Amino acid sequence: QVQLVESGGGLVQPGGSLRLSCAASGSIFSINAMAWYRQAPGKERELVARIISIGSTNYAASVQGRFTISRDNAKNTVYLQMNSLKPEDTAVYYCHADLVTKTPMRRNDYWGQGTQVTVSS
């Protein structure tokens, strides 16, 4: 009933930039929060950035000052602007949404399929 579609991943050189997008569609009543997670080989999935309904944000210490999460409420879309990329940022990035559906009205969470980000020279 709800789908998250991610885009924007790719290969970039250290110091470069990428912008990831995630659009939520379907029978959505409201979105409580949207977030970006990432998972590198051999590591657990970790929270990168999160934005809640009132607009507050938080970031992993490793990306603070370099990444910015933002949203377009009219489009149910969240973005992750990634600047000054480092090889350590290489991972599969996943979009996550905590939302309320319309029919039936209930709270659920959803994951995108993931998009690969590779930072290498």
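Q: How many disulfides does the structure hold?
A: In this predicted model, Cys22 and Cys95 are joined through their sulfur atoms, which lie 2.1 Å apart, and a pair of cysteine sulfurs counts as a disulfide when they are within 2.5 Å. The number of disulfides in the structure is one.

Q: How many residues apart in sequence are the parts that the pair of Cys22 and Cys95 ties together?
A: Both Cys22 and Cys95 are buried, and their link is left-handed, with -85 degrees about the S-S bond. Because Cys22 belongs to strand β3 (residues 18-26) and Cys95 to strand β9 (residues 91-101), the pair ties together parts whose separation in sequence is 73 residues.

Q: Which element gives the most to the largest nonpolar core?
A: This core has 30 residues, and among those with the most contacts inside it are Trp36, Val48, Phe67 and Tyr93. The elements that contribute two or more residues to the core include β1 (2-7), β8 (77-82), β9 and β11 (115-119). With five residues, the element that gives the most to this core is β9.

Q: Is Val63 buried or exposed?
A: Val63 is placed in the loop between β6 (57-59) and β7, and, leaving aside neighbours within four places in sequence, Val63 is in contact with Arg38, Val48 and Asp89. A residue is called buried when its relative accessible area is under 20%. Because the relative accessibility of Val63 is 0%, this residue counts as buried.

Q: What distance separates the C-alpha atoms of Val63 and Met34?
A: Met34 is one of the residues closest to the centre of the largest pocket, whereas Val63 has its place in the loop between β6 and β7. Along the chain Val63 and Met34 are 29 residues apart, and the distance between their C-alpha atoms is 17 Å.

Q: Which element gives the most to the lining of the largest pocket?
A: About 170 Å³ of space lies in this pocket, and of the 15 residues that line it, the closest to its centre are Ile31, Met34, Arg71, Asn73 and Asn76. Two or more lining residues come from each of β4 (28-39), β5 (46-52) and β7 (67-72). With seven residues, the element that gives the most to the lining is β4.

Conventions:
Residues numbered from 1 in each chain as written. Predicted model: local features only at pLDDT ≥ 70, side-chain atom pairs only at ≥ 80, totals over all residues. Heavy atoms only, no water. Helix = DSSP H or I, 4+ residues; strand = E, 2+ residues; numbered from the N terminus. Buried < 20%, exposed > 50% of the residue type's maximum accessible area, 1.4 Å probe, protein only. 1 Å grid on protein atoms, 1.4 Å probe; cavity = no way out; pocket = protein on both sides within 12 Å on 5 of 7 lines; lining within 4 Å. Points joined across faces, edges and corners; volume = space filled by probe spheres on them. Core = buried A, V, L, I, M, F, W, Y, C linked by side-chain atoms within 4.5 Å. Contact = heavy atoms within 4.5 Å.
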